[in-house]
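Subject: Structure handover

Hello,

Please find the structure below. My notes on it follow.

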Amino acid sequence: QLAKLAAADAAAGDNFGSSVAIDGGTVVVGAYHFFGGGSEAVYVFRTTGGATYDQVAKLTASDAAVDDWFGMSVAVDGSTVVVGAYRAGTGGAVYVFRTSDGGA
């Protein structure tokens, strides 16, 4: 085991780790159903090497609704993070996030 990642605002029942993607030093982790009044989210961690990963972002949908399952699927490629929310709206949705610093 190199590292154990956890959300800064972790809570019981948030399903953190239900989806995971990695690209280089960036790890993206979905928490698709956050119980207890929180919100569904995707967390972005980054390392510069070694076993230390820092949480650098918490992504949420701009039009979030309860039970969208935002974060059920995730993908990362360079500065682009793609998040699936298969229960959003009437037929699901995919959200695309991009950073300006060249990394997710």
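A polar contact here is a pair of N or O atoms within 3.5 Å; within protein, one must be able to donate a hydrogen and the other to accept it, and residues adjacent in sequence count only if both atoms are side-chain atoms. The model is predicted, so local features need pLDDT of at least 70 and side-chain atom pairs pLDDT 80 or more, while totals for chains, interfaces and linings use all residues. Numbering starts from 1 along each chain as its sequence is written, and side-chain values use heavy atoms, with hydrogens and water left out.

Ser 19 sits in strand β1 (residues 16-23); strands are DSSP runs of E, at least two residues, numbered from the N terminus. A polar atom of the Ser 19 side chain lies 2.5 Å from the backbone oxygen of Gly 71. Ser 19 counts as buried because its relative accessibility is 8% (buried is under 20%, exposed over 50%, partly exposed in between, with a 1.4 Å probe and protein chains only). Beyond four places in sequence, the residues that Ser 19 touches (heavy atoms within 4.5 Å) include Val 28, Val 29 and Gly 71.

Ala 93 belongs to strand β7 (residues 93-98) and is partly exposed, at 27%.

Regards

Terms used: Helices (H or I, at least four residues) and strands (E, at least two) are DSSP runs, numbered from the N terminus.
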